[in-house]
Amino acid sequence: MLRRVLVLPSGRIAVAILAVIALLALFGPLLAPQNPLATSDNTLASASGSHWLGTDYLGRDVLSRLLDGSRLSVLGSLEVAVTALVVGSVPGILSVYLGRAFEWITLRLADTLVALPFLLFAVAVIALLGNGITQAMLVTGVLVAPLFYRVSRAATLAVARSQYVEAALLSGASIGWVVRRHVWVKVLPPIAVALAQTFGVGFVIVSSLTFLGIGVQPPAPTWGGLLASDLGYLSHQPWAPLAPALLIMITVWAGNLLADALRDVSGEAGRALVNSRKTRTDRPDQSEPAPTGGA
Amino acid sequence: MRAAALGTALLTVLVPALSACGGDAAAGSGNATLKWTSSYFPTHWDPVVGGSGAQFRELALVYASLTRTDENGKAVPDLAKSWEYNVKGDRITFHLRPGLKFSDGEPVDGAAVKAAIDRAKKQQNSALFGDLTSIKSVDAEGLDAVIHLTQVDYQIPQLLGERVLQIASPKAAASPAELDQNPVGAGPFIVTQLIPGTKVLLKKNPDYWDAKNIHIDNVELTSAPDAATVVNGLQTGVYNFADIEPNQAQAAKKAGLEVFVQPGFNASNISLNINKAPFDDDKVVDAVRYAINRKEFVDKLTFGYGEVTDQPFPKGYVAYDPKSENDYSYDPAKSRKLLAEAGHKSGQIKLDLVIPAEDPQAEIVQSQLAAVGITVTIKIDKNWATPFFAKDLTFSLYGTTGRDSAAQTLTAHFGPNGPLNLSSPYEPSGFEAAIARVRQTPLGSPAYPQVLRAATRAGLRSKALIFTYSQPNLIAKSKSISGLPKNPAHIDWTGVTISGTR
């Protein structure tokens, strides 16, 4: 599927940006030119040769804090996406096969999770479990899970009614085998779209929570946390929120772009689209002459 | 000549007319509205539950007390027109002003005072009972309230001011839960609408004893939004008065607002629990004391508006003890030496600094202690108040806005049951005797300042507290509001006018 995504220009852009973000998450803390926690007397300084993005209210190097904070920010949103995937898609697929009681219970649970006010629920659970990034992201993942539940259930329902699946079941195949062999490959494309979309959504949520001081304990930097603290010093450094805000925006945009590309290339229509693009790319000099006359 | 006469005539007519269009006109027309947004919006409107913290300033809009403080911090008459002690000093009689009533029509008399004190001492959720240990009983005799004391205590007029005894109508207070939602007092304003935690609307109380000096007709008090947006609200006229963070002062000034510091008794501290390791070792406590660079707090957090302090009082205040100044000045080398003597290698001591919300102070403490080899992990606990006041924490931060009675400030910090003493029941040696001498010394006695400073000195021997800096009471207001009385730690609306209402 990745090969098909790379055929599209939007897919290539999204993958390139997300690859850079992934590299930042992996190596950002090592790339930080200075200790991101080291305070100095040089507070709220402008950009300079020694501090490319200036310093914050405690005299810490902003570039180092951005680089160091990339890992927590990215891992947090990944945790949201993976938690939502597991918590949502597994019962979503199984709800089609495990009987009416299981279906009814999981549907009501999904409805309940959708109805819960997200931030209030997150704050309440964190008050119970303690303030930490893992707890915050797990809670968030559970709240986003209904998206995966509905997507995977809808895709499974479509496959479950197909004749070859019914034939497999009639021939004595187990539900597990049918899910692995026939259902999963059909469910995977819409789930991949949802996953890419959730990564972007998760990033906004992680940033919002850390903006509110939930999830990450100071002085650990995150992009959302940096944005929040910069807003308190706008009259001193009006440009300061730009760097974390741009990073958040670009990452979320790349996640959404990837989701669009995945949607475009999945299914039969997507395969046809990719094939037609390939054909056009392979035979650039054999293009048909422009039609004459009106349409 | 004729022109001069005409000018004089015009001035004679126009000056009174134009001046009537100013502040007094706004007040007189019933449109002088104070739009105050506060980061200390009361969580409780029952003063007994609210306690004597910073929120008393907002509650003082509704409730009056027996005494108030003047610009020197000295007790002066409020609901009580006068008071006197007996010869021995263990009984004080307050004489209330005649003809006063609460906003529900109940009389303000000795019985109301007795009810207020009894409630503060006995109500289950009272935050004040610890402040009233000197009071044995109260007799109501018409407009007199006779207070019998458990010990000689000349601090009572200071104590029973707005911080500790805001007096509610006894009829309304019969149901404390209802009072918490519908406050009824005899203060300068009456509540007309209260949305808990969000907003309260008030109008001038025509029956307030000093109503002639209250020139504000209406008050809209709101809970402050994010600090960064308060200045915008002031600029656009949503508010005309707000307490602001020091990092917003520059923006407020640029917006054409008046920024000023209201004098106060604010003092931030680092709280240690010496009943728990590693602070059960005096050398570790001293090492932390020497590791703290107070100037860094002032430079980075107050933007030039605060000052360093090593005491719970500002310099120049009667209780401030110059002899205790710089007892533990910043000396990281000495700190490392003490830690080594105590047998701790660098990085061996690991501490959790538990605080209620994100606070740059904590990050400064963390970096300063890291410099001497103590590893600090900051932990935010939204339920921080419970373990802090139960004295379960080992290491925390606190900030006080002070008390009107210096003795109360001292006992709150250093007394064996002081709410701000994280090491209860510990108290420094000699403190109990020193504070008893303060209570026994009349406020007007020439010896009082020396006796009080000696108690401060005794208290500062406490190993449980390291005072760091004084956070300013920074306020931004519209220029249409006249200057406030410089009543330390209070916000007093007496004589304040608002001109050109929006």
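## Two long partners in chain A

Let's start with a crossing: α3(A) passes α8(A) in a right-handed crossing. A crossing is called right-handed if the near helix is turned clockwise from the far one by less than a right angle, and left-handed if anticlockwise. Helices here are DSSP runs of H or I with at least four residues, strands are E runs of at least two, and both are numbered from the N terminus. Before going on, note that this is a predicted model, in which local features need pLDDT of at least 70 and side-chain atom pairs count only at pLDDT 80 or more, while totals for chains, interfaces and linings use all residues. Residues are numbered from 1 along each chain as its sequence is written, and chains are lettered from A and ligands numbered from 1 in the order in which they are written.

Two packed helices are described by the angle between their axes and the distance between the axes. For α3(A) and α8(A) (residues 175–211), the angle is about 145 degrees and the axes are 8 Å apart. Axes are lines fitted to C-alpha atoms, for helices over the stretch in contact, and angles run from 0 to 180 degrees between N-to-C directions. Among the residues that meet are A:Ala81 and A:Leu85 of α3(A), and A:Val187 and A:Ile191 of α8(A). This contact divides into 15 nonpolar, six polar and no charged residues. Ala, Val, Leu, Ile, Met, Phe, Trp, Tyr, Cys and Pro count as nonpolar, Asp, Glu, Lys and Arg as charged, and the others, Gly among them, as polar.

## A helix and a loop in chain A

How far apart are the end C-alpha atoms of helix α5 of chain A? They are 16 Å apart, which agrees with the 16 Å that its twelve residues (118–129) should span at 1.5 Å a residue. The expected span is 1.5 Å times one less than the number of residues. After α5(A) comes A:Gly130, with a positive phi near 100 degrees.

Most residues other than glycine have a negative phi, and most peptide bonds are trans. A:Leu44 has a positive phi, near 50 degrees, and sits in the loop between α2 (9–31) and α3 (62–94) of chain A.

## Where the chains meet

Chain A brings 16 residues into contact with 20 residues of chain B. On the chain A side, these are eight nonpolar, eight polar and no charged residues. Two residues are in contact if their C-beta atoms, placed from the backbone, lie within 7 Å.

## The domains of chain B

Chain B has domain 1 (1–41 + 197–263 + 472–502) and domain 2 (267–470), with bounds from an automatic or database domain assignment. Seven residues from domain 1 of chain B and seven from domain 2 of chain B make up their contact. The domain 1 side has six nonpolar, one polar and no charged residues.

## Details within chain B

Helices α11 (residues 294–301) and α13 (residues 360–370) of chain B pack at about 140 degrees, with axes 11 Å apart. B:Phe297 of α11(B) and B:Ile364 of α13(B) are among the residues that meet there. Their contact has four nonpolar, two polar and two charged residues.

Which peptide bonds are cis? The one from B:Ala277 to B:Pro278 is cis, with omega near 5 degrees, and B:Pro278 lies in the loop between β15 (267–272) and α10 (282–291) of chain B. The bond from B:Ser424 to B:Pro425 is also cis, with omega near 5 degrees.
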